[in-house]
Amino acid sequence: MRPIPQYVSVREVLQQLVRRFGLLQKEGAQCCGITVLQSHILYELNRQPNISLNDLAESLCVDTSTLSRQVQALVELDLVSRTPDPKDRRYVVLSLTEQGSKQYEAIAEQMAEYLSNLFRQIPEEKHQQVMESLFMLSEAMKNSPDCCTPPM
């Protein structure tokens, strides 16, 4: 019997992580009446206030038409505001409203509690190793020529 190539095991672990984390985010966001993508939008707008739709789409690796619909839904929920870009009034910038900030905080609090509980399951002397490994994997994915390439 041939040994399983390492990349197959890595893929399996990544698939499991994505599913488990995605389900967590879905449950966390759904409790607040928004989708997982909308939750990601709130997260990015908290990190990068007054960002353009194009820059936000690039950060989230989502096409602008999909993102535009999701942002519109958040605007209608009074979670996101659109304002003219002070540098170029032909464009708009996006930011969280007061209600959007509260929504972001509620989701962030839930995530922090979950991740805190998760790290309690890992020996303390391994915490830094886990963080370094996740960071290295994230950087490798970011630097891959296939990263953030929207499907055709």
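I take buried as under 20% relative accessible area, exposed as over 50% and partly exposed as in between, with a 1.4 Å probe and protein chains only.

**Basis.** I worked on a predicted model, in which local features need pLDDT of at least 70, side-chain atom pairs count only at pLDDT 80 or more, and totals for chains, interfaces and linings use all residues. Residues are numbered from 1 along each chain as its sequence is written, and side-chain values use heavy atoms, with hydrogens and water left out.

**Secondary structure.** I took helices (H or I, at least four residues) and strands (E, at least two) as DSSP runs numbered from the N terminus. The chain has six helices and three strands, in the order α-α-β-α-α-β-β-α-α from the N terminus. Of its 152 residues, 24% are buried.

**Salt bridges.** I counted a salt bridge where a side-chain nitrogen of Lys or Arg lies within 4 Å of a carboxyl oxygen of Asp or Glu.

- In helix 6 (residues 127-143), Glu139 and Lys142 are three residues apart, about one helical turn. Their side chains meet at 3.3 Å, N to O. Glu139 is partly exposed at 25%, and Lys142 is exposed at 51%.
- In helix 2, Glu44 and Arg47 also sit three residues apart, about one turn, and their salt bridge spans 3.3 Å, N to O. Glu44 is buried at 9% relative accessibility, whereas Arg47 is exposed at 51%.
- In helix 5, Lys102 and Glu98 are four residues apart, about one helical turn; their closest N and O atoms are 3.8 Å apart. Lys102 is partly exposed at 48% and Glu98 exposed at 63%.

**Helix packing.** Two packed helices are described by the angle between their axes and the distance between the axes. I used axes fitted as lines to C-alpha atoms over the stretch in contact, with angles from 0 to 180 degrees between N-to-C directions. The axes of helix 2 (residues 36-47) and helix 3 (residues 53-60) come within 11 Å and cross at roughly 115°. Helix 2 is therefore roughly perpendicular to helix 3 (65 to 115 degrees; under 35 is roughly parallel, over 145 roughly antiparallel, the rest oblique).

**Nonpolar patch.** I looked for nonpolar side chains (Val, Leu, Ile, Met, Phe, Trp, Tyr) joined within 5 Å, from residues with over 30% relative accessible area and no salt bridge. Phe21, Tyr114, Leu115 and Leu118 make a surface patch of about 300 Å², with areas from the Shrake-Rupley method and a 1.4 Å probe. Helix 5 (residues 98-120) gives the most, three residues. Leu115 lies in this helix and is partly exposed at 34%.

Conventions
Patches are made of residues with over 30% relative accessible area and no salt bridge: like charges are joined within 9 Å, nonpolar side chains (Val, Leu, Ile, Met, Phe, Trp, Tyr) within 5 Å.
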